[in-house]
Amino acid sequence: MNKQQLAAKIWESANQMRSKIEANEYKDYILGFIFYKYLSDKLVRFAKGEDFSDEELRALSEEDTETVDHIKGNIGYFIAYQHLFSTWIEHKGDFDVSHVRDALSAFSRLIHPNHKRLFEGIFKTLETGLSKLGDTAAKQTKAISELLQLIKDIPMDGRQGYDVLGFIYEYLIGMFAANAGKKAGEFYTPHEVSVLMSEIIAHHLKDRETIQIYDSTSGSGSLLLNIGQSIAKHMADKDNIRYYAQELKENTYNLTRMNLVMRGILPNNIVTRNADTLEDDWPFFDDQDPVNTYNPLYLDAVVSNPPYSQQWDPQHKDSDPRYARFGLAPKSKADYAFLLHDLYHLKPGGIMAIVLPHGVLFRGGEEGAIRKNLIENDHLETIIGLPANIFFGTGIPTIILVLRQKRESSDVLIVDAAKGFAKEGKSNKLRASDIKKITDTVIGRLTVPRYSRLVPKTELQANDYNLNIPRYVDSSEPAESWDLYAAMFGGIPLSELDALADFWKAFPGLRAALFADNGTPYVAPQVEDLAQATREHPEVKQFSQTFSAAFADFNPWLRGALLDQMLTLQIPQQEALISAALFARLAPLPLIDKYHAYQILDDHWQAIAIDLEILQTEGFDASRAVDPNFVTKKKDGKDAEVQEGWKGRILPFELVQMTHHKIELDALRGKEARLSEITTSLEEIFESLSEEEKANDTVNDAGDKFVNAAVAKEAKLLLAEAKKSGDFDAESYEAKIIQAADWLAEEKTLKTAIKKEAAALHLKTKKTIENLSDTQVHELLEHKWIIPLNDALHSLPDQQIDGLICKLEALVQKYQITYADNARDIQQAETELAGMIKELDADEFDLKGLAELKTLLAGN
């Protein structure tokens, strides 16, 4: 299974296994064991690379000090054979929780001095939490054994290992965060927000040969890693990136270290601290050698997602160089304290991005003074308003602030991206198109109506340094208005047609073709069918043809960009290359939203990227691989995985069948369609029976779908009777029973045939995939990757036209019935009701009430 499927499977099982343990706690156990497996497997790979035989590997122990020192000197730690993860798996019957305790204790003793900062105490959370996995040693052993079996198949080696391991680790952190409630904010920044910040930072740093990046509240380290990955795309050597991380909570700090180590980052490029960012600033020296290691920490990029509006102690910090220039944040809200800490550690040419609550934009007092100083000194570069409810555990609106130490300009770009998201469960989530639009706007410093604006410093000063986004960018939808004249007399106001200016600009002759202009501020439709007239207009047809012409060579171009380079292309960069080609084709075309097109590309790219990773990792022959298809079924009251046929590792069976076995597939679908018809017909017959007929023993025995042999038996008797007395009426009970019997017989035959033919086609498809030629694989991949993407893009013009027609029809309907029409209808209804009252018979008091109602209806 691919990394997405493996991650989802592990999460599903882990979420069930954790039982009553809080998600926030359980994550430390499973992630800790994954990290131990990583270190264990790495040691085994190193030993085999040093030509250790299996026998020598089994002999690894602490007593062999020479071997211990050799391994520690190369990888930074030592694990004896008895404590290896693979040994635990091999001897699962003899496994005991004490083996884990002994192994973790031994690991702490056997760290190389040069790696103490990196590894010391890294398993402390796991070690102290083992007792929470059960109230007895036996229960703890069982829980841990299940965990080990769950994660044993995660690959830990080479390019695939780092990628799959990193993905699964990040996936599990994200899923635990989604289930951890308010505690999620302590360790996780949503992936989409990390990617957004990463793209902005990476663009600023893309031309540098060596880069240092720092997260002052690192949590699990995911934000820092995403920054590094984005920057690495622009660098020749990713080992020229150095990572600095500081985190207050010990268990979360351990996650940071594990996450960084498992991504294959060189130990010398990992510098971490477990300390309070505000109380204990990063030292300018190594504690072990303060004199010779003095070096102020200034970095190329600083990122953080600190705890929002938490209390802190500003006392005695007036002289702290981080705050001296700008002022101290109030005791009740440390937001600006974190921001000033990050800004202080920037190099002159550096850039920082920080996530904060939007209150920092307009709150007064000490925060207002700090904000003024930041603006006057030209540090604030960009404000990005994010959607509400985008972070786990809090629904408050948040922003990203981008700042620099040195800037040539003094204006501030303000982006209101609060409305760009997709709803996912109870949370909101940035889509790929939202991230792309924000990134393009920030990098290009673009002013986009109702979305972003480049605001001069003078305007910020005039507003007393209040940065509340609605003051500068009005992203609200225009309120619906009603034209009084049109509501009274009919007609469509020209002003409301003018609101569709983009369409009239694209189709200059369409407006006059649809509406009659009588020289007043109002027009009337002059065609009976607006939709048909719009679609058949020459300019609208030309619009679709122009789009098709712009994308005429897109399929061949994609074949060259994807199929011809599938084994060598850089996957993240290739999506950017395709999006650039997509945007270039869309540039001269009106109306089409390029970010809508980008979302289509990204939606399709997710599946393409998975296939490309498999092909690049396993080789081209993976395209011809067929794997057992496992499904979960109940066995002895428990969920168990059983094989149910086969599935293509890359090529879906259905796609292969449609291409290579269409005759057999069509025949099978024909039988399935007929079977569905019979089922529907049987249900209709049953519903058509009277209640008395339904009470018949034969029908009761048969059930709703006439599946009992009693129907067939009675049908035979009825047919014999029909031969003697003549045919039954078509709507009679007897005729229906005879018909049902025929259909039941046909249904039985069809089910047998479908089962047999489906099984034969399934095996035939398996054989076909395994014997495909390279050319056939390319053709199938084109049908899987390229044609669906191209088809989706070609739907864009029709979507625009459909949107225009919908707006026009709504506008016509809005003023079609005037106030006078409504008044006449009401008056007529009142008159009819008053007339009906005359005919009512009631007692004395009811009649008086009806008389008064009649008077009111008459308007007296």
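The report below goes from the whole chain to single residues.

**Basis.** This is a predicted model, where local features need pLDDT of at least 70, side-chain atom pairs count only at pLDDT 80 or more, and totals for chains, interfaces and linings use all residues. Residues are numbered from 1 along each chain as its sequence is written, and side-chain values use heavy atoms, with hydrogens and water left out.

**Whole chain.** The protein chain has 36 helices and 16 strands. These elements are DSSP runs, numbered from the N terminus: helices are H or I with at least four residues, strands are E with at least two. Along the principal axes, the C-alpha atoms fill a box of roughly 105 × 80 × 70 Å. Of the 860 residues, 46% count as buried. Buried means under 20% relative accessible area, exposed means over 50%, and partly exposed lies in between (1.4 Å probe, protein chains only).

**A covered helix.** Helix H12 spans residues 222-232 and is mostly covered, with 9 of its 11 residues buried. Among them are Leu223, Leu224, Leu225, Ile227 and Ile231. Ser222, Asn226, Gly228 and Ser230 are buried too.

**Aromatic pairs.** The whole structure holds 26 aromatic pairs. Tyrosine 26 and tyrosine 29 form one that is edge-to-face, at 6.2 Å centre to centre and 85° between the planes. Rings of Phe, Tyr and Trp (its six-membered ring) pair if their centres lie within 6.5 Å; planes under 30 degrees apart count as stacked, over 60 as edge-to-face and the rest as tilted. Both tyrosines lie in helix H2 (residues 23-49), 3 residues apart, about one turn of the helix. Tyrosine 26 is buried at 2% relative accessibility. Tyrosine 29 is buried at 3%.

Tyrosine 214 and tryptophan 282 also pair edge-to-face, with ring centres 5.5 Å apart and planes at 80°. This pair links distant parts of the chain, 68 residues apart. Tyrosine 214 sits in strand E1 (residues 211-215), while tryptophan 282 sits in the loop between strand E3 (270-274) and strand E4 (299-304). Both residues are buried.

Ring pairs also build a cluster. Its members include Phe35, Tyr36, Tyr38, Tyr77 and Trp88.

**Salt bridges.** Side chains of opposite charge can pair when their charged atoms come close. A salt bridge here is a side-chain nitrogen of Lys or Arg within 4 Å of a carboxyl oxygen of Asp or Glu. The structure holds 50 of them.

| Salt bridge | N to O distance |
|---|---|
| Glutamate 641 and lysine 9 | 3.7 Å |
| Lysine 27 and aspartate 28 | 3.3 Å |
| Arginine 624 and aspartate 774 | 2.9 Å |

Lysine 27 and aspartate 28 are both buried. Arginine 624 and aspartate 774 bridge distant parts of the chain, 150 residues apart. Arginine 624 is in the loop between helix H26 (594-618) and strand E15 (626-635), and aspartate 774 is in helix H33 (residues 774-794). Arginine 624 is buried at 17% relative accessibility, whereas aspartate 774 is partly exposed at 42%. Shared partners join Glu381, Arg404, Arg407, Asp411 and Arg445 into one salt-bridge network.

Glutamate 641 is partly exposed, with a relative accessible area of 47%.

**Positive phi.** Most residues other than glycine have a negative phi. Histidine 316 has a positive phi of about 65°. Histidine 316 is in the loop between E4 and helix H14 (335-344), and is exposed at 68% relative accessibility. Arginine 450 has a positive phi of about 60°. Arginine 450 lies in the loop between helix H16 (432-444) and strand E11 (452-455), and is partly exposed at 42%.

Which helix holds glutamate 575? Glutamate 575 is in helix H25 (residues 571-586). Glutamate 575 is buried, with a relative accessible area of 11%. Leucine 601 is 26 residues away in sequence and 8.3 Å away in space, C-alpha to C-alpha.
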